[in-house]
Amino acid sequence: MSTRIATGGRLLNKSNAVSFSFNGKQLRGFEGDTLASALLANDQMLVGRSFKYHRPRGIVAAGPEEPNALVNLGQGDRFEPNQRATTTELFDGLQSESQNHWPSLEFDVGAINKHLSRFLPAGFYYKMFIHPRPFWKHVYEPIIRHSAGLGKAPKDLDGDTYEHFHAFCDVLVIGGGVAGLEAARTAALSGAKVIVLEQTAHWGGRAPVDGGTVDGTPVGAFVDTLVEELSTMENVTLRTRVMGAGVYDHGYVLGYERLTDHAPKTAGPRHRLWRIRAGHIVTATGAIERPLSFSGNDIPGVMLAASVRDYLVNYGVSVGDRTVVVTNNDDAYRTAIALTEAGLTVPAILDARVLPQDSALMARAKDLGIRVMMGHAVARVTGGKRVTGVEVCSQSGEGAVLETFPCDAVAMSGGWSPVVHLWSHCGGKLTWDTAGAMFRPDVNNPPLGADGHGFVTAAGAAAGFFALDDILHDAHAAADGVATTLGFKLPADAVSPNADRQEEAPLAPVWMMPQGANVKLREKTFLDYQNDVKVSDVRLAAQEGFVSVEHAKRYTTLGMATDQGKLSNINGLATLAGAMDADIPAVGTTTFRPPYHPISMGSIAGEARGDVFQPIRRTPLHDWHETNGADWEPVGHWRRPYAYPRKGESTHDAVMREVTNTRSKLGMLDASTLGKIIVKGPDAGRFLDMLYTNMMSSLKPGKCRYGLMCSENGFLIDDGVVARIDEETFLCHTTTGGAESIHQHMEEWLQTEWWDFNVYTANVTEQYAQIAVVGPNARTCLEKLGGMDLSKEALAFMEWADGTLGGFKCRVYRISFSGELSYEIAVDAGQGQAFWDALMVAGNDLGVMPYGTECLHILRAEKGFIMIGDETDGTVIPQDLGLNWAISKKKDDYLGKRAQQRTHMADPTRWKLVGLETTDGSTLPDGAYAVGEGENENGQRNMIGRVTSTYHSPTLGKGIAMGLVLNGPDRMGEVLDFPGTDGKTYQAKIVDPVFYDKEGAKQNV
Amino acid sequence: MLTLTCPNCGITAEETEFHAGGEAHLKRFGPGSSDTEFEQYLFMRDNPKGVHFERWRHVYGCGKWFHAARDTMTLEVFGTYTAQTSTVPQDIINKIMDRRPDWQASTAP
Amino acid sequence: MSEAVSALKAAEFTGGIAEVTLMDPIGMISVRGDLTAAYMKKALKKAVGLGLPDTRSVQINGDRGVAWMSPDELLLLCPYDQVSDTIDMLTKCFGSNHTLAVNVSDARAVFRISGAHSRDVLAKLAPVDLSPATFTPGMIRRTRLAQVPAAFWIEEGDSFRLVCFRSVALYVYDLLKIAAQPGSAPVFYSAKP
């Protein structure tokens, strides 16, 4: 059984016992435990079921490489699935559940899949579920979805908050092991500003577990001293619980900080995503031990040898009473020695190598009385939910059992792989190290930065150095080099520490155990624990022609689970290479992509959720609209009132009321969102002549003119009223959505094409609250406020004037988007609410009502005025809309002119704007298409037009619409068919788009 | 995510503060130009693997446009320079030649 | 005329790692022209009593100030009720030269972010190196705050002034409150404890 022992546990605070639950069972651990170590201390070796075959699975590792121990954590708005027990720090009250089983972890119906595994080989889904086609959507997918997947999806809104943080430094060190700390010290002594990120809560990495002495001091004490020294340096920032998640272009790094996962009652955000820009990055990310490929290597109790040692030393947990060690290298001997010294039993070390003489570690193991069996291997591990024994064979054979050891744990080591992920994220290349049987960073091909030089340097084990002395020297030299590149200088007295050296015997690559394992053994030999990919699957993929490593990966799903193949990739590649009889470097690796380890969605969103998911732009009158019951319509980031329904009134009825009231009495609209851009300078007229299709330079000061703007591609992009303020100054109104884009459009042409024009622009949209006062009573209302002569003679249609109304300094534009007598009045935004209030009072006995955007739309549609975004969609030119009157014939050039001369633009068969009136008074569906004779080549009805705007007009008591129709203006009176999506076909007559007051009698009073 | 230095205000900022504006040094063709000229101007763009001249706007900063000479493959930035020029300045060409001796300077606008 | 109303009703956040306060409206004038010309120097002297600020710098003289915005743009600061007079004075100094001076006071909202962690709070939202050695008094930085444009400078000590567009004042206030929530100090730009 696995249990807590009396000794060891350097990371534990044994004076603080904490309680937690696993599958509803109350268990106890200590402060400093991970969930994994606490589960093992409680003999909970079985922690989950595998993804495909639902095989019982136990904890394999002690760090982020763990493939099996995924749990659901927390409850309610703190629930989160797929959390790794090995990276989850224990806290009092932690609640966890195992995943991927039904009805229970101990008894799982899905486990029947393991008996069907012969029928579920690689590519099974692709082969099986392809026919008959409709079955995928209706039969296969629903069932597969039900049985697949890991944890449950959270049901509640996330109760935590998250944030981003931008940090800058000269040297970013990722990894707080001895290499990272020494690199940081060296860079910092050179004068660089240094940040060190460590993903766990502890400094020193593996070194304190693996042991050794540095300049005569035990490595644990050396680490403590180093951290102490660094924490006093002004130019060093040390951060634990921050994982280097990804390395991106130009020295950009994401760091994932877990602030409260270990202490959920703490105030503040749960995760912080560090967005770091570094002059140079040192990846001191260590190495990950590889499993060995033997039959039954996934049975709970089979663990990585170094992890067995971690649990013993760091957490005082013995994973088994009798542990067989199996290895192809010296490092696993440390585990055997540590276990034996802790009083536990190691029946044998099975070492696949055959060596001429013993190394120091071997000699030490033998001295302790451990039986070392060279050239031997695991033929098969026996057991179901727990290891019961190991059958031993010769590594060179086919698996004939020579001897059997009863045991309850197996510690395996297939060698070490440097963590090259961060080096590789941004294009760093790898090289195959034959001696170490590993890929390590190719120092000649680093990722390149903004200056074209490498910006990442790997150090220590991440660079392929494993002896403590080598690690320290490499880290020191790497950081010295980095600092020098950045222009810093290491003081001459700052030298690398030296560690004692212990020569180790070389590793022998072992990719299959035993070498000649038969199919039966290979079918129980797992490469990827999380996705249940076996040696036999990879061989099958190769056999079926998936010989590219990227294809084999996708076909077998090797390395595609949430652990991204941290344990399985190299073994998988080697297996693929073996099956193809190729060299491993020739097969290559799959692409390493960020993040290194899954990060929370919340951390990616940062603050951007809820009220601040995106900016909401508010006009100066926003609060009034809200208080007065506005139904909101999003227009870009603005919120504009759609209508103001009264108590008991439907929104539609409110809109009808607003239209009727504005036509008959007085309406008020918040028009503040309309863009207002000042264009000033000696060349302002010339510039606007290029921007608008109309002639603007001929506009007289005091007058307004409606103008159209096109893109260089000829398409209509914006419209609005231009007022000439003085000889050199124009004020251009744009659409609500166009304020920023048209201002940028102007600046782009001024800065990048016509930089010789003397023109300045200023976007003053938000300086003003602009209120449209509309309707027969508009003038009377304003006259009640008093201060300006607004008579027809003093301020005619399409004129503007500055003055005061009711004591408010304002600018009055007599313009109309409704066909009514109408004034748009701009006051400083800070005066907007007070001015609106004054207007409401003045209009009180004149029948004033506010109106919203839908009323505005109906009013303009009744008049046949186009709306950018309704009548235009980026493919419509002004000529399509009957706006030729607004296109100057006198100008040689304007943006879009040349484009509009192209044959397709001048084609007489372009659809043109007309009015549409249903024969029965109903309202046409928005976006409906008119169908004509015949069918197109796809057997669809030929289309001859479409509805661009459609409303019920309370003024006319019927449905009115505008649309673009083939030869429309020549087909007045013709009735077209518009099939709706509701099964009905609507009939509408082609009419003039101006439905109401064509003479303009109402606005020109 | 790139970093660029705006030559107008001198700030080195990350890409989120800028807006990319496509290929630089296009010659505008208006009324009177042939269909081919207009098509070339409006639609046809170089898409080199390697040295590229492009337009950027410091949209969240000084608001000004500028030009950048950049390697589309390695993302190396050779330099940034004023938007008010229709040709690549010599010092930028020198910087590119320094880093890419095989590059044909004659292909620069 | 009524009392000018700022973008939000009283907005003050305390109890977090920094204090956030919406300021009363201040006068702001956007000026464009040839910044190196003699007329500009004269106008600045008369209008705000200051010289031309260096690139990306801000100069403050009591309740007046001038900030460099771009190679041809300045932002002048003055008391809210003196904007018209100041613009008149500028216009007089500019004469017939090609320039632009417009009132943008109401188009903006101004916040103060103060307290030991003000730099940390801003750095959560803006992609800017806010270390005391890099971002120093007298500098102005135009950048983005999460998803909207903003500009800020150091008022004094650990107190920042931040200017954004009026329409997004509530968004910016909400952002700053979240960034300043209790227990959220990264303790990176603020001095080590």
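Reading domains and contacts in a predicted model

Mentor: UniProt, in an unreviewed entry, places the feature "domain: FAD/NAD(P)-binding" at residues 170-423 of chain A; such positions use the numbering here, feature names are shortened, and annotations may be inferred rather than shown by experiment. This is a predicted model: local features need pLDDT of at least 70, side-chain atom pairs count only at pLDDT 80 or more, and totals for chains, interfaces and linings use all residues. Residues are numbered from 1 along each chain as its sequence is written, with chains lettered from A and ligands numbered from 1 in the order in which they are written.

Trainee: How much of residues 170-423 of chain A is helix and how much is strand?

Mentor: Helices (H or I, at least four residues) and strands (E, at least two) are DSSP runs, numbered from the N terminus. Residues 170-423 of chain A are 24% helix and 36% strand, and the end C-alpha atoms lie 17 Å apart.

Trainee: Which domains does chain C have?

Mentor: Domain bounds come from an automatic or database domain assignment. Chain C has domain 1 (12-24 + 107-179) and domain 2 (27-106). Over C-alpha atoms, the centres of domain 1 and domain 2 of chain C are 23 Å apart.

Trainee: How many residues of chain A and of chain C take part in their contact?

Mentor: Two residues are in contact if their C-beta atoms, placed from the backbone, lie within 7 Å. Chain A contributes 43 residues and chain C contributes 41 residues. Strand S9 of chain A gives the most to the chain A side, with 6 residues.
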